[in-house]
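Okay, thanks everyone for making it. Let me put the model up on the screen, and then I'll talk through a couple of spots.

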Amino acid sequence: MPVVVDESNGMEKLVLKSEQGAIAEVYLHGAHVVSWQDATGKDLMFTSKQAIFKPPKAIRGGVPVCFPQFGQLGPLGQHGFARNTKFDLLQETADSATLVLKAVGDEDEKYPYPFELTVRVQLGQQGHAPTFTQEVAANNTGSEEMSFTAALHTYFKISAIGNVAVSGLDGVTYTDSLQGGQRMQQSGDVIFDQEVDRIYLAVPDSGVQISDSGSGAVFEVHKAGFPDAVVWNPWVAKAQAMADFGDEEHKEMLCIEPAVAGSGPYKLAPGETWSGSQTLVYKAA
Ligand code: BG6
């Protein structure tokens with residue numbers, strides 16, 4: 001499928017379709033996936049109704065690619081500049097796309113390091129379950145060492161926040177961003193009855209999943225290359241404070257974000273490449 005211009009906002013995007021009929025939309029701006037739907041048209045990712053589609057603003061929802069910085073873990077603005085920058089299309093098929101950001105080192109004065117960041121999105125299927133795979137690779141194209149943190153800031157669409165539990169993190173140490181980074185240990189599943197903003201450290205690559213008792217569906221999160229996983233729900237006050245997020249929308253989403261965060265930063269020597277990926281599997285009831 002060729003690049004098309006979204007008539008509602010004038011921005012360029014790709015519409016990917018799997019053989020089974022699942023769909024994903026990927027904007028060139030930020031290599032930002034804004035939607036993933038199963039073959040019935042059900043939204044599996046959350047994008048805010050108040051999202052602002054106006055570069056260089058990052059889009060609220062889908063999967064912002066946070067690079068070369070996660071959050072405030074470095075000198076740059078929140079979550080780095082990849083999500084605010086237009087990528088080039090390298091390759092596409094009906095169900096996949098590869099985009100690249102060739103940073104020359106003048107994008108941000110606080111990050112004078114040239115690099116190439118490649119983002120590949122691939123739709124697939126496991127049995128009856130649609131899958132979404134996203135691979136990122138960062139190559140240091142400069143002559144000095146560069147360091148980075150990163151995340152695939154994935155917004156999942158859920159039936160209601162009170163219906164979900166995230167399993168697979170029992171016993172894992174996390175830093176609580178709401179308690180000044182205090183180290184804690186997860187006990188049992190993560191449930192949501194208040195704001196949650198945590199960086200889970202050294203998370204197993206498979207085994208994390210979201211169970212939604214409202215829909216009976218399960219999302220499996222498989223990752224590689226990213227040691228950590230951020231879990232986030234803004235809850236009421238932060239939802240109200242965000243201009244591009246509805247006051248009640250925290251009830252229909254949660255983020256699980258494979259990350260190089262508390263275990264980072266990673267250092268890349270000149271010429272070196274780091275890669276990471278996530279595969280999401282959606283098992284309907
Ligand atoms: C999460 C952070 O990854 O992203 C939160 O852990 C942050 O602290 C959230 O609020 C959203 O960030 P932003 O920059 O998209 O508003």
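I'll start with the ligand site and then move to one serine.

Quick caveats: this is a predicted model, where local features need pLDDT of at least 70, side-chain atom pairs count only at pLDDT 80 or more, and totals for chains, interfaces and linings use all residues. Residues are numbered from 1 along each chain as its sequence is written, and side-chain values use heavy atoms, with hydrogens and water left out.

So, the ligand. Which side chains come up against ligand oxygens? H153 has an N or O atom 2.7 Å from one. For H79, an N or O atom of the side chain is 3.0 Å from a ligand oxygen, and Q78 has a polar side-chain atom 3.0 Å from a ligand oxygen. As for cover, the ligand on its own has 400 Å² of accessible area (Shrake-Rupley, 1.4 Å probe), and the protein covers 83% of that.

Now over to S96, which is in strand 7, residues 96-103 (strands are DSSP runs of E, at least two residues, numbered from the N terminus). Buried or exposed? S96 is buried, at 6% relative accessible area, where buried means under 20% with a 1.4 Å probe and protein chains only. Its side chain makes a polar contact with the side chain of T93, at 2.7 Å; that's a pair of N or O atoms within 3.5 Å, and within protein one must be able to donate a hydrogen and the other to accept it, with residues adjacent in sequence counting only if both atoms are side-chain atoms. Setting aside neighbours within four places in sequence, S96 is in contact (heavy atoms within 4.5 Å) with L16, Q91, R120, V121 and Q122.

Notes
Helix = DSSP H or I, 4+ residues; strand = E, 2+ residues; numbered from the N terminus. Buried < 20%, exposed > 50% of the residue type's maximum accessible area, 1.4 Å probe, protein only.
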